[in-house]
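My entries follow in the order in which I looked things up.

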Amino acid sequence: MTSRVALVTGGTGGIGTAICKRLARAGHRVATNYRNEEKARAWEAQMKSEGYEFTLVKGDVTSPEEAAAMVREVEEALGPVEILVNNAGITRDATFHKMTPEQWTDVITTNLNACYNVTRPVIEG
C-alpha cells in the first residue's frame with residue numbers, strides 16, 4: 001500500500017487514537033487536531049512512548065474558519081489530505097427531554113456540522 005496523508009479529527013480520544021494508530025501501522029502519515037494544548041501534548045508524549053509519530057494541529061472543527069486553517073496546516077506539513085476520518089464527536093449525557101437547546105446545538109455542531117467544515121477544505125484542496 002502506498003503511504004498517504006491521513007487526517008483524523010478527534011484523534012486524541014479513545015476511538016480516534018485507535019484509528020490514528022491503525023493508519024500509522026498501515027504506513028500512512030497521520031495528523032490529528034486538538035483544542036486543548038495540555039491534553040494534546042500529554043497524548044503526543046504517550047504516543048511517542050509507544051513508537052508513534054503523529055502531526056498535531058490546533059483546530060476547533062466546529063468553526064469553519066479554524067477547520068479550514070487546520071486542513072491548510074496539515075497540507076503544508078504533510079501534503080494533500082488523501083484519507084479523511086471525521087471522527088470528532090461529543091455527547092451531552094442527558095436524555096433528549098432533559099437536553100437544553102444549547103446542549104443540542106453543541107452536539108449537532110460537533111457531530112454533524114464539523115464534517116462539512118473539515119471536508120469542504122479537503123475537497124477544495
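**Entry 1: one residue as a way in.** I began with Val-71, which has its place in helix H3; helices here are DSSP runs of H or I with at least four residues, strands are runs of E with at least two, and both are numbered from the N terminus. I note that this is a predicted model, in which local features need pLDDT of at least 70 and side-chain atom pairs count only at pLDDT 80 or more, while totals for chains, interfaces and linings use all residues. Residues are numbered from 1 along each chain as its sequence is written, and side-chain values use heavy atoms, with hydrogens and water left out.

Is Val-71 buried or exposed? I find a relative accessible area of 1%, so Val-71 is buried (buried means under 20% relative accessible area, exposed over 50%, partly exposed in between, with a 1.4 Å probe and protein chains only). Setting aside residues up to four places away in sequence, I see Val-71 touching Leu-7, Val-118, Pro-121 and Val-122, where contact means heavy atoms within 4.5 Å. I also looked up Cys-115, which is 44 residues from Val-71 along the chain, and the two C-alpha atoms are separated by 12 Å.

**Entry 2: helix H3.** The buried residues of H3 are Ala-67, Ala-68, Met-70, Val-71, Val-74, Glu-75 and Leu-78. Viewed down the axis they fall within an arc of 160°, so they line one face of the helix, the arc being that of the directions from the helix axis to the C-beta atoms. I recall that an α-helix has 3.6 residues a turn, so residues three or four places apart point the same way. The other side of H3 has Glu-65, Glu-76 and Ala-77 exposed, whereas the buried residues pack against strand S1 (5–8), S2, strand S3 (55–58) and helix H4 (101–124). Just after H3, I noted that Gly-79 takes a positive phi of about 110°.

**Entry 3: helix H1.** What are the buried residues in H1? I list Gly-16, Thr-17, Cys-20, Lys-21 and Leu-23, and because they fall within an arc of 165° seen down the axis, they line one face of H1. The face turned away from them carries the exposed residues Gly-14, Ile-15, Arg-22 and Arg-25. Against the buried residues of H1 pack S1, S2, H2 and strand S4 (83–85). Gly-27, which follows H1, has a positive phi near 95°.

I returned to Lys-21, since at 18% relative accessibility it counts as buried. Leaving out residues up to four places away in sequence, Lys-21 touches Met-47, Glu-50, Tyr-52 and Phe-54.

**Entry 4: Phe-54 and helix H2.** Phe-54 sits in the loop between H2 and S3 and counts as buried at 6% relative accessibility. Its contacts beyond four places in sequence are Cys-20, Lys-21, Ala-24, Val-30, Trp-43, Glu-44 and Met-47. In H2 itself I find Ala-40, Trp-43, Glu-44 and Met-47 buried, and they cover an arc of only 100° around the axis, which puts them on the same side of H2. Glu-38 and Ser-49 are exposed on the other side of H2, and what covers the buried residues includes H1, S2 and S3.

**Entry 5: the largest pocket.** I find about 380 Å³ of space in the largest pocket. On a 1 Å grid over the protein atoms alone, a pocket is an open set of points with protein on both sides within 12 Å along at least five of seven lines, a cavity is a set where a 1.4 Å probe fits but cannot get out, and lining residues have an atom within 4 Å of a point. Grid points are joined across faces, edges and corners, and a volume is the space filled by probe spheres set on the points. Of the 18 lining residues, Gly-10, Thr-12, Arg-35, Lys-39 and Ala-88 are the closest to the centre of the pocket. Strand S2 (29–34) and helix H2 (37–49) each supply at least two residues of this lining.
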